[in-house]
Amino acid sequence: MVNASLDNKNTEENRLIAVRYRPSVAPQSRPVQWSGELPVDLEAIDAVPGRDREYVALAGRGTAYCIHVEKGTAHVLSTFQLPGISADGNYEGFALTATKDGTVAVWADRGEDDRPAKLTAAQWDPATNAFGHRDSAEFSAPYPENDVRHVSDVKVSASGALTVSSASDPGDDGPFGSALYDIGQISVGKDGDAKVSLADQPHRLGTFSGHKVEAVVCLPGSKEGILGTDDEKDGGSIAAVELCRPNSVVRERPTGGQSAADERSL
């Protein structure tokens, strides 16, 4: 079962759905009720490592909601604002990953056309919602080329690999187009700070004509991932792709020694 956020804005509309996916079986979904401060325009959600049924859902203007989901209801535990957000930013990507030094959060302002996306990483304490030192980098997708959102979602593998979706959104009628990219790495330095390192050239994992990919999720214990689309008037869809890599979390290499790693299965 995977929880998915919905970018609804009206009070009578759902904010989350639960999606049950099994290979060779049609996916099933059901609404998740929301209890607490009602968000507007949720764009991303990820599970909190090591905390059963706890998630962070992110709204487009940078407000995050820590929630506990049980028996079909999401209960708001706390809210916080992402640090260093831009007044004109639109935040569509959010991911959490566990390292030996704690939990690292990664978020992305989607960018638009000539304005690159901005990815930021920092240590995050789920007990206090406090952030450590932030590191950022900009990314521009080579495809799509028009009406582009350079990052429509982001995921971090257990190895620290950064995967993003990029999408073209010219309006409710499309036509849409999307791509998936490996764009770099999240690592943790000897000082305990998270670092964003982008590749000179992103590696395209796939192209999806006619669809606007807005969600990327890895299935626990599997290399398989799920893509979710929001194709506006044509509705939404999900697709399975092999994009997740259950390897070790990469840390900065100490001088004169071997790199340390924290083994963790997805």
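Tutor: Let us begin with a definition: a residue is buried under 20% relative accessible area, exposed over 50%, and partly exposed in between, with a 1.4 Å probe and protein chains only. This is a predicted model, in which local features need pLDDT of at least 70 and side-chain atom pairs count only at pLDDT 80 or more, while totals for chains, interfaces and linings use all residues. Residues are numbered from 1 along each chain as its sequence is written, and side-chain values use heavy atoms, with hydrogens and water left out.

Student: Why does Ala87 count as exposed?

Tutor: The relative accessibility of Ala87 is 81%. Exposed requires over 50%, so Ala87 is exposed. Ala87 lies in the loop between β7 (73–81) and β8 (91–99); strands are DSSP runs of E with at least two residues, numbered from the N terminus.

Student: What makes Thr229 buried?

Tutor: Thr229 has a relative accessible area of 15%. Because the limit for buried is under 20%, Thr229 is called buried. Thr229 is found in strand β18 (residues 224–230).

Student: Which side chains make a polar contact with the side chain of Thr229?

Tutor: A polar contact is a pair of N or O atoms within 3.5 Å; within protein, one must be able to donate a hydrogen and the other to accept it, and residues adjacent in sequence count only if both atoms are side-chain atoms. The side chain of Thr229 has such a contact with that of Asp231 at 3.1 Å, and another with that of Ser237 at 2.7 Å.

Student: Why are β17 and β19 said to stand at the edges?

Tutor: The open sheet has three strands in the order β17-β18-β19, with antiparallel pairing. β17 (213–218) and β19 (236–242) each have a single partner strand, so one side of each is left without a neighbour in the sheet.

Student: How many bridges join β17 to β18?

Tutor: Five bridges join these antiparallel strands; Val217, for instance, has Ile226 in β18 as its bridge partner.

Notes:
Helices (H or I, at least four residues) and strands (E, at least two) are DSSP runs, numbered from the N terminus. Two strands pair if DSSP finds at least two bridges between them.
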